[in-house]
Amino acid sequence: MSKIAFGTYRLSIDNPEHYNALKLALEKGCNVIDSSSNYMDGKSEQLVGKVLKENPLYSPTIVTKGGFFTL
């Protein structure tokens, strides 16, 4: 496990620079991604899914949280 994680707090699937940043982190050996369904209304987790789907050679550990749920 890498000594550093890639945090996705302010990242969104809508921004190509965010995609490139996450992909570069994976290329450079970062293999831990910190995410949450609350980050950017779920768009950060959509970004993580897209990057991993399009780059299947990477298999990082993903740390996530449940977020806020209303019943």
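In this predicted model, Glu-27 counts as partly exposed because its relative accessibility is 43%, and this residue forms a salt bridge with Lys-23 in which the closest N and O atoms are 3.8 Å apart. Both residues belong to helix α1, where they sit 4 residues apart, about one turn of the helix. The pair is one of 3 salt bridges that a search of the whole structure finds, in a protein chain that runs through the pattern β-α-β-α-β along its sequence.

**Salt bridges**

- Side chains of opposite charge can pair when their charged atoms come close.
- Lys-23, the partner of Glu-27, also counts as partly exposed, since its relative accessibility is 26%.
- Asp-34 forms a salt bridge with Lys-65, and the closest N and O atoms of this pair are 2.2 Å apart.
- The pair of Asp-34 and Lys-65 links distant parts of the chain, with Asp-34 in strand β2 and Lys-65 in the segment after β3, 31 residues apart.
- Asp-34 has a relative accessibility of 25% and therefore counts as partly exposed, and Lys-65, at 35%, likewise counts as partly exposed.
- Asp-14 forms a salt bridge with Lys-43, for which the closest N and O atoms are 2.8 Å apart.
- This pair, too, links distant parts of the chain, because Asp-14 lies in the loop between β1 (6-7) and α1 whereas Lys-43 lies in helix α2, 29 residues away.
- Asp-14 counts as exposed at 54% relative accessibility, while Lys-43 counts as partly exposed at 33%.

**Helix α2 and its buried side**

- Helix α2 covers residues 43-54, which makes 12 residues, and from its first C-alpha to its last it reaches 16 Å, close to the 16 Å expected at 1.5 Å a residue.
- The buried residues in α2 are Ser-44, Leu-47, Val-48, Val-51 and Leu-52.
- These residues lie on the same side of α2, because the arc they cover around the axis is only 125 degrees.
- An α-helix has 3.6 residues a turn, so residues three or four places apart point the same way.
- The elements that cover the buried residues of α2 include α1 (16-27), β2 (32-34) and β3 (61-63).

**Ser-44 within α2**

- Ser-44, which is found in helix α2, has a relative accessible area of 0% and is therefore buried, the cut-off being under 20%.
- When residues up to four places away in sequence are not counted, Ser-44 touches Thr-8, Leu-11, Ser-35, Ser-36 and Tyr-39.

**The chain as a whole**

- The protein chain contains 2 helices and 3 strands.
- A compact globule with 71 residues would have a radius of gyration near 11 Å, and the 12 Å of the protein chain agrees with that value.
- Taken along the principal axes, the box that the C-alpha atoms of the protein chain fill is roughly 40 × 25 × 20 Å.
- Of the 71 residues of the protein chain, 32% count as buried.
- Among contacts between residues at least 6 apart in sequence, 79% join residues at least 24 apart.
- The accessible surface of the protein chain comes to about 5,000 Å², and carbon and sulfur atoms account for 56% of it.

Definitions and conventions:
Residues numbered from 1 in each chain as written. Predicted model: local features only at pLDDT ≥ 70, side-chain atom pairs only at ≥ 80, totals over all residues. Heavy atoms only, no water. Expected span 1.5 Å × (residues − 1). Buried < 20%, exposed > 50% of the residue type's maximum accessible area, 1.4 Å probe, protein only. Arc of directions from axis to C-beta. Contact = heavy atoms within 4.5 Å. Salt bridge = Lys/Arg side-chain N within 4 Å of Asp/Glu carboxyl O. Rg over C-alpha atoms; globule rule 2.2 N^0.38 Å. Areas by Shrake-Rupley, 256 points an atom, 1.4 Å probe, with all protein chains shown as cover.
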